[in-house]
Amino acid sequence: MLLDYAERMWRGEITMDGVLADGSVWGIAHELTDEVAVVTGFSNVIAFRTGDGLLLFDTGGEFAAGATHRAVRRWCADPVRHVVYSHGHVDHVGGMAPFDAEPGPGPVVIAHEAVAGRFDRYVRTTGYNEVVNRRQFGVPELKWPREYRYPDQTFRDTHTVRQGRLTFELRHARGETDDHLWAHVPELDMVLSGDLFIWNAPNCGNPQKAQRYPAEWAAALRAMAAVGASLLVPGHGPPVAGADRVREALTATAEYLESLLDQTLALMNRGARLDEIIHAVTVPPHLAEKPYLRPAYDEPEFIVHNIWRLYGGWWDGDPASLKPAPAGRMAAVLAELCGGAHALAERAARAMTEDEPRVAARLAELAVQAAPTDEAVRATHRTVFNALADAATSTMARGIYRAAT
């Protein structure tokens, strides 16, 4: 069932909605072989029957922990000996509690050494993460985790786990996070990518999250491709089956990142400002048409922002933005110059009819900043940003625009 679903995705007949695959395949342990099952949901949990208990690659989110546990246990009753975190994002590490609660010595959790530091940071920024994830996913009641299951064993560069008849070769690779790893299981001719491949354009530019690493990410994808595996199981979405397809998916995603990186750095090296760069860099057409590189979660423009931040710092090159006036004061001055906040709002509405949504967004926001309690101004603002949300292709943009209303 899951491989049939993957075939339809490869052909572009169905697509991911951001990181979410069709709910019809959720919460089930889809058996790929006698030794491997994938429990699908917001993120994947991959269970291995090794002959000496189970090994889990990721555990899903806290909100799905019970369902994930039940799905694994319907598939196999063997004790869980090891759990590997692909990285420390909460949708991959939140499902440990039911497995830790089982009788026996409990699983040994293995992760990159930077995962503990991520958890420490999450504890310090609980409120911020709650705010931005509510906005990103449009879930006002979302609660950010307060407690984390820290790893029992960590490593820096490489680590090998031998359990029963299977070998798990773990390799650290900075990409979506600084604590990411991918795995090769040679006996099964399989690679596990975590979030380095997710059936979407890489999540390498998230506007509200910590730094991403495009060069190292691309290198990791090429290293995975070099293994020559015939099955790729990602952190989100169904497997990719067939050595040619696995190689294509990984190398095309690497090329996607490398192209954005090379274009951005070339413009930076010529002294271009960020404003010029984000409107000049484009995805090569032969990559943009790939069904697994749609900008449905992140967007190329956001990746360019992230590359600038990584290589150039936070200042965008505009001298006026180095020490900006308070937004409300600047908006009031502009409103005064053009005849009031209503004039700004009216011009924003006109910009929408003239197919200039970016102009409309800036003018509508200025109007609200100049007259935050004016209901007519706020109504125009809502109209503009609802329209932007409706037109947005990515989860990132849609969530921010919708939250503005």
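How do the residues of the lining of the second largest pocket divide into nonpolar, polar and charged? They divide into 16 nonpolar, 10 polar and 11 charged. The structure is a predicted model.

**Second largest pocket**

- The second largest pocket holds about 770 Å³ of space.
- Its lining is made up of 37 residues, and those closest to the centre are Val90, Asp91, Asn133, Phe137 and Trp144.
- At least two lining residues come from each of H3, helix H5 (115-124) and helix H6 (126-137).
- H6 gives the most to this lining, with five residues.

**Largest pocket**

- The volume of the largest pocket is about 1100 Å³.
- The largest pocket is lined by 25 residues, of which Glu301, Phe302, Arg358, Ala361 and Tyr401 are the closest to its centre.
- Five helices each supply at least two residues of the lining of the largest pocket: H9 (274-280), H11 (300-312), H15 (357-370), H16 (375-391) and H17 (395-403).
- The largest share, six residues, is supplied by H15.
- Sorted by class, the lining of the largest pocket has 15 nonpolar, four polar and six charged residues.

**Strands E3, E4 and E5**

- Strand E4 (residues 54-57) pairs with strand E3 (residues 45-49) in the antiparallel sense over four bridges, and with E5 in the parallel sense, also over four bridges.
- Leu56 of E4 is the bridge partner of Ala47, and Leu56 also stands opposite Val83 in E5.
- In a regular strand, side chains alternate between the two faces of the sheet.
- In E4, Leu54 and Leu56 point one way while Leu55 and Phe57 point the other way, and all are buried.
- The hairpin of E3 and E4 has four residues between the strands, and Gly51 in this hairpin takes a positive phi near 95°.

**Six-stranded sheet**

- An open sheet of six strands runs in the order E8-E9-E10-E11-E12-E13, and its pairing is mixed.
- Strand E8 (158-163) and strand E13 (240-241) are the edge strands, each pairing on one side only.
- Within this sheet, strand E11 (residues 190-194) and strand E12 (residues 231-234) pair in the parallel sense over four bridges.
- Met190 stands opposite Leu231 in E12.

**His87**

- His87 lies in the loop between strand E5 (80-84) and helix H3 (90-93).
- Is His87 buried or exposed? His87 is buried, because its relative accessible area is 0%.
- The side chain of His87 makes a polar contact of 2.8 Å with that of Ser86 and another of 3.3 Å with that of His89.
- Leaving aside neighbours within four places in sequence, His87 is in contact with Asp58, His92, Val93, Val115, Glu176, Thr177, Asp179, His180 and Asp195.

**Ser259**

- Ser259 is located in helix H8 (residues 243-269).
- The relative accessibility of Ser259 is 16%, so Ser259 counts as buried, the cut-off being under 20%.
- Apart from its neighbours within four places in sequence, Ser259 is in contact with Thr282 and Pro284.
- Ser259 and Leu32 are 227 residues apart along the chain, and their C-alpha atoms are separated by 34 Å.

- Most residues other than glycine have a negative phi.
- Trp199, which is not a glycine, has a positive phi of about 65°.
- Trp199 sits in the loop between E11 and helix H7 (214-227), and counts as buried because its relative accessibility is 1%.
- Asp355, which is not a glycine, has a positive phi of about 60°.
- Where is Asp355 found? Asp355 is in the loop between helix H14 (341-353) and H15.
- Asp355 has a relative accessible area of 65% and is therefore exposed, the cut-off being over 50%.

Methods:
Residues numbered from 1 in each chain as written. Predicted model: local features only at pLDDT ≥ 70, side-chain atom pairs only at ≥ 80, totals over all residues. Heavy atoms only, no water. Buried < 20%, exposed > 50% of the residue type's maximum accessible area, 1.4 Å probe, protein only. Contact = heavy atoms within 4.5 Å. Polar contact = N/O pair within 3.5 Å; in protein donor to acceptor, adjacent residues only side chain to side chain. 1 Å grid on protein atoms, 1.4 Å probe; cavity = no way out; pocket = protein on both sides within 12 Å on 5 of 7 lines; lining within 4 Å. Points joined across faces, edges and corners; volume = space filled by probe spheres on them. Nonpolar A, V, L, I, M, F, W, Y, C, P; charged D, E, K, R; others polar. Pairing = 2+ DSSP bridges.
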